[in-house]
Amino acid sequence: MFYVLTAVYLLVMVVLAAAVLRRRKGRGSVADEPEMEPEAGRERRMSRAVVAGAAATVVILFALLLSSYLTGRGLYAVARGEGALTVKVIGHQWWWEVRYDNQNPSLIVTTANEIHIPVGRSVLFRLTSNDVIHSFWVPNLGGKTDLIPGHETINWIRADRPGTYRGQCAEFCGHQHAHMALTVVAESPEQFKTWYDAQLRPAPEPSTPQQARGRDVFLSSPCIMCHKIQGTEAGGQVGPNLTHVASRSHIAAGTLENTRGHLAGWVLDSQKIKPGNRMPPNNLASQDLQALLDYLQSLK
Amino acid sequence: MPRRKKREGKGKEDARAAEAGPRVDAEALREAARRAVAARADRALAEDLVDEHEREALEKTWGDPPGLWGWLTTVNHKRVGKRFIATAFAFFVAGGILAVLMRVQLARPENNFLGPDLYNQIFTMHGTVMMFLFAVPVMEAMAVYLVPLMVGTRSVAFPRLNSFGYWMFLFGGVMIFVAFFLNVGPDVGWFAYPPLAGPEYSPGKRADFWAQLITFTEVSALVVATELITTIFKLRAPGMSLNRIPVYVWSILVMSFMVFFAMPTVALGSACLIMDRLIGTHFFNPAEGGDPILWQHLFWFFGHPEVYIIFIPATGFVSAIIPTFVRRPVFGYAALVLSLVSTGFIGFGLWVHHMFAAGLPRMGASFFTAATMMIVIPSGVQIFCWIATIWGGRPVFKTPFLFVLGFFFTFVLGGMTGVMQASVPLDLQVHDTYFVVAHFHYVLIGGSVFPLFGAFYYWLPKITGRMLSEALGKLNFWLMFVGFNLTFFPMHLLGLVGMPRRVYTYQPGLGWAGMNLAATAGGVLLTLGVVVFIFNFFRSLRRGAEAGDNPWGASTLEWATTSPPPSYNFLHIPTVADRDTLWKQGPDQPVVVGLRLDVRQVLVTKMLDAEPEHKEEFPTPTPWPLFAALATTAMFIASVFTPWAVPVGMIPVAAALVGWFWPRKHQAEERAPDEVKERLGEKTVRQRLEALEEVGA
Amino acid sequence: MSARRTVDVSGLPTFAFGHHQLTWWATWSMIFMEGTMFVVFFVSYFFLRTPVPDWPPAVPPPELLWGTVNLVIILASFVPAHLTKKAAEELDLRGARLWLGVSILFALAACVVRAFEFTALNCKWDQNAYGSIVWVNLGFHTTHLVTDLIDSVVLFALLFKGPLDGKHFVDVSENSIYWYFVVVFWVLMYAVIYVAPRLM
């Protein structure tokens with residue numbers, strides 16, 4: 001398609017250039033007497049050329065239409081398949097809630113901003129939004145699909161090569177639309193199984209006193225209003241699920257790499273990093289903060 | 001207006017000389033010839049005196065009162081048109097400044113020049129201002145100025161409505177900029193998708209001002225479309241049958257009809273949005289049975305035709321400029337006109353391609369792909385016809401023609417990327433990325449702004465009476481052309497590597513920084529180009545060469561009157577014998593006489609063949625359109641704060657409209673139409689008209 | 001005497017009726033734009049209706065009485081509107097006064113009944129999307145009733161007060177054309193608001 005259109009473009013430009021330059025000799029002036037009765041033979045030839053051009057346009061467009069349709073169907077058929085994994089993605093301002101659905105409630109995994117999928121298996125994304133319209137887009141895996149409140153849209157994806165794919169919200173969704181990315185990790189079915197099982201487990205118990213203190217800090221602070229850590233009393237549904245936050249590569253919807261320093265900056269004053277996001281600043285004593293970071297980093 | 005003479009005049013003198021018989025000697029013949037010349041000179045002198053008298057009388061009748069009062073009350077289409085163009089251009093400059101601010105912010109990753117809040121306001125304002133306050137109004141403004149001249153009449157139809165349309169446009173634009181400077185500028189995108197633009201996610205008044213701006217500009221666009229259609233159908237000079245209307249005027253006709261069907265949809269959508277926000281309706285609230293997709297349909301049913309509303313008049317500019325600068329009539333007049341009309345129709349079948357990502361049924365998507373590709377055909381035909389015109393002519397490389405060539409280069413490229421996006425699988429990739437940003441700037445700037453600048457260089461001499469500098473014009477063109485391509489070509493690539501639209505920043509390490517920097521540099525060149533234009537314009541006012549009536553040797557009627565044209569446009573309404581009337585007509589082309597000089601009488605002609613039909617008296621300067629616009633403005637702005645503003649604000653609006661239409665004592669004698677006379681008989685008609693005069697006498 | 005070739009238009013009429021004159025084009029422009037709006041409102045109604053199993057959702061449909069009364073009144077008003085137009089086109093001052101007056105009475109009656117219609121809709125605009133679309137639909141038609149009523153009253157007053165000329169009859173005739181539009185769209189609106197929820 002690209003080559004056809006480039007060729008057409010070049011052809012049109014060449015003809016135009018020829019038309020402009022062919023009578024360059026003896027430059028014209030606006031005082032020239034207009035040619036009111038152009039030579040009939042030339043006019044006839046020009047008519048034929050215009051008709052031919054129009055006909056060629058129609059033929060090319062028809063071919064493109066057909067190929068577009070076939071490509072669309074082909075892509076659809078490739079991505080779609082039996083035994084698909086179903087992943088529900090719910091858009092929030094400005095992060096992605098990810099839920100792996102299962103008939104058995106104890107096998108449902110809930111996470112955020114990072115989606116693991118097995119290579120070679122079709123994945124059905126069921127998309128909706130909790131607030132405004134977002135759009136789910138992982139450029140190297142497939143096209144966009146909007147997340148619309150009150151609607152459920154679907155998108156099929158199949159990754160054939162393992163790897164990490166970056167995605168980003170593609171529908172303007174307010175203040176921090178620019179910082180609403182996600183990561184898709186495509187891995188072998190075995191690795192995926194391992195990851196999935198790990199995600200199913202509740203959060204690990206603190207293994208050091210420092211981590212235990214961190215958990216107390218978490219549970220006694222406003223954090224629990226919004227965040228959930230499975231296996232603790234924290235059950236907030238407003239922000240991302242933190243049960244396995246340390247297993248994720250980024251925080252704040254792809255804004256920052258998940259390092260201790262970034263995590264500290266985010267917890268203390270996320271507004272500086274991502275102005276307008278829904279998380280309030282937290283005034284923590286230095287030791288409380290260190291303990292909290294120890295705890296969060298243990299949530300693998 | 002060149003004076004035309006009866007050829008028979010000279011013929012009669014010759015005949016008289018010949019009557020003297022065969023005996024006549026050379027001396028007598030010379031004497032007869034001298035007498036004939038003297039008689040003609042006398043007649044010419046007499047004609048000059050009559051013309052001079054008529055000019056004075058017409059100027060008195062059609063002129064405006066002096067000073068500020070005249071400025072505020074004028075209904076002259078040229079004065080209103082000029083300020084319409086100037087205001088729209090001012091908004092173009094403002095929108096351009098906003099664009100430069102955005103480019104500075106995006107020049108490097110994680111830049112802190114503008115925060116997200118300000119950036120979101122700025123990109124919303126940029127889109128809104130360029131679409132609603134520049135592109136559509138400037139096309140209508142050019143038409144308001146040019147169409148009455150091009151069809152050979154004294155005024156636009158409904159001149160008061162015209163000035164009302166201008167005031168509404170001005171007040172709406174001022175409102176949104178005041179809101180922006182008070183930090184209540186809209187920040188939800190020029191498309192304002194709910195729920196983001198709804199009451200829950202955009203508290204405050206920002207989105208309300210956006211919705212009201214839409215109402216302002218729609219009112220303005222709709223009234224102007226009405227008067228343009230009526231002008232084109234009913235006020236053409238005798239002889240300008242439908243198949244002799246200049247292509248530019250056809251393009252304005254098609255544009256106006258598109259406005260009729262497209263604008264009401266978005267006006268209604270924005271009314272529903274503001275009701276959702278103010279009085280708690282639920283049109284777009286999914287929790288109560290509403291649907292945000294409804295908004296998308298309403299918006300894009302307007303939004304896509306909008307692109308053609310901007311593009312079609314631009315093709316009209318191209319069709320006007322090319323023939324003049326290749327010195328031959330346009331090739332394929334019928335094909336061009338049919339292309340315009342079919343573009344107008346197909347333009348309404350494309351809106352869904354803005355919503356491919358919203359998860360529509362697949363069959364529907366295929367239909368819209370086909371429609372989207374179909375619209376390429378009429379555009380293609382137009383381009384082929386223009387190329388053929390150039391092929392068959394002898395190009396004159398003046399600035400307007402350069403801009404037309406720039407138009408070809410960029411618009412055709414934009415058309416190609418447009419075809420790519422018609423394909424659903426490809427669109428799902430590039431939709432809402434910088435690829436789309438690149439595409440529509442190629443189509444809108446390449447397709448409309450380049451021809452518009454060409455049109456400025458072409459018609460400003462008519463409007464101001466002064467030529468613009470050719471050297472500066474060429475500098476202007478090359479700065480804009482290079483700057484434009486440098487700005488927007490890299491955006492194609494940015495989109496293909498995954499940069500989404502409407503982001504106030506991006507992370508380092510994605511490989512986007514270099515191309516963004518190039519785009520910013522291009523933006524600077526583009527801006528310089530516009531600065532050169534502004535300089536050239538003001539320079540021409542002081543130092544430009546006198547333009548004369550027809551500096552380009554062009555063929556349409558606006559060039560038959562002086563530059564700038566007098567308040568009454570033409571001393572005598574011309575008649576038309578050909579499409580390229582000034583090229584074709586002989587010196588004895590008849591002119592219209594018998595319109596009154598002491599009242600603003602305008603000749604109304606038949607819709608199809610432009611036979612004279614009747615004469616209508618046009619309004620004199622009046623402040624009521626201004627009052628009506630002020631009352632409407634007060635109502636619209638107050639309704640952002642309380643719904644009661646609508647019923648209460650209606651009262652002054654109604655009062656202003658009554659004042660507007662309140663009849664003044666008529667001045668011209670009354671003549672009833674023939675069919676009424678036939679039906680009732682001369683006598684009854686006279687009696688009944690006399691009965692009228694007694695009322696209120 | 002001027003010797004240039006001329007087309008003399010001094011004997012042409014100074015006003016005309018129907019599509020010959022400019023106001024007709026303005027009237028039809030209005031009708032086109034507002035007709036588009038009406039159609040878009042209808043389409044929106046059915047767009048919102050489609051995904052919902054029960055329609056109207058959670059409320060009974062509007063009561064038929066007042067809407068039907070108004071249907072009768074508005075349809076009947078077609079007659080005086082037509083007679084007004086005819087009188088105007090015959091430059092008949094007395095006829096125009098009489099029938100425009102009658103038309104105004106019909107329009108007034110329609111406005112009064114309309115107030116009762118709003119009370120019998122069985123829903124509120126802020127209740128749900130159904131309520132919103134019904135109220136806005138009916139409200140939109142009501143603004144047309146009221147505007148045309150005001151317009152008619154002004155024209156009527158001028159028929160007595162003057163100053164008058166032939167153009168005034170043109171305006172009276174155009175006013176009737178606009179009223180036809182209001183009548184036609186009321187029939188459609190009635191079908192949408194009152195009939196559709198009972199059939200679907």
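Is Ala32(B) buried, partly exposed or exposed? Ala32(B) comes out as partly exposed, because 18 other C-beta atoms lie within 10 Å, while a buried residue would need 20 or more. Keep in mind that this is a predicted model.

**Chain B as a whole**

- If you follow the C-alpha trace of chain B along its principal axes, you get spans of about 105 × 65 × 50 Å.
- Of the 697 residues in chain B, 59% are buried.
- Take the contacts in chain B with a separation of 6 or more: 80% of them come from residues 24 or more positions apart.

- The average pLDDT for chain B is 90, and 95% of the residues score at least 70.
- Among the elements of chain B, helix α6 (residues 159–181) has the highest mean pLDDT, at 97. At the other end, helix α1 (residues 7–19) of chain B has the lowest, at 45.
- Over residues 1–22 of chain B, pLDDT stays under 50. The model still has 31 contacts beyond four places in sequence for that stretch.

- Ala32(B) sits in helix α2 (residues 26–62) of chain B. Its C-alpha atom is 72 Å from that of Thr215(B), which is 183 residues away along the chain.
- Gly95(B) belongs to helix α4 (residues 77–106) of chain B.
- Gly95(B) counts as partly exposed because it has 19 C-beta neighbours inside 10 Å.
- Leaving out residues up to four places away in sequence, Gly95(B) touches His126(B), Val129(B), Met130(B) and Phe134(B).
- Between Gly95(B) and Tyr248(B), 153 residues apart along the chain, the C-alpha separation is 27 Å.

**Where the chains meet**

- On one side there are 62 residues of chain A, in contact with 69 residues of chain B.
- On the chain A side, the elements that give two or more residues are α1 (2–21), α2 (40–79), β7 (145–147) and β8 (153–157).
- α2(A) gives the most to that side, with 16 residues.

**A bent helix in chain A**

- Helix α6 (residues 260–273) of chain A spans only 15 Å between its end C-alpha atoms, whereas a straight helix of 14 residues would span 20 Å.
- At Val267(A), α6(A) bends by about 80°.
- Leu263(A), Trp266(A) and Ser270(A) are the buried residues of α6(A).
- What covers those buried residues includes β11 (250–251), β12 (256–257) and α7 (286–297) of chain A.

**Strand β1 and its partners in chain A**

- Strand β1 (residues 85–92) of chain A runs parallel to strand β5 (residues 123–129) of chain A, and seven bridges join them. In that pairing, Gly91(A) has Ser129(A) as its bridge partner.
- β1(A) also runs antiparallel to strand β2 (residues 95–100) of chain A, joined by six bridges. Here Lys88(A) has Arg99(A) as its bridge partner.
- β1(A) and β2(A) form a hairpin, with two residues between them.

Definitions and conventions. Residues are numbered from 1 along each chain as its sequence is written. Chains are lettered from A and ligands numbered from 1 in the order in which they are written. This is a predicted model: local features need pLDDT of at least 70, side-chain atom pairs count only at pLDDT 80 or more; totals for chains, interfaces and linings use all residues. Helices (H or I, at least four residues) and strands (E, at least two) are DSSP runs, numbered from the N terminus. The expected span of a helix is 1.5 Å times one less than its number of residues. The bend at a residue is the angle between axes fitted to the seven residues ending there and the seven starting there. A residue is buried if 20 or more other C-beta atoms lie within 10 Å of its own, exposed if 12 or fewer, and partly exposed in between; C-beta atoms are placed from the backbone. Two residues are in contact if their C-beta atoms, placed from the backbone, lie within 7 Å. Two strands pair if DSSP finds at least two bridges between them. pLDDT is the predictor's confidence in each residue, from 0 to 100.
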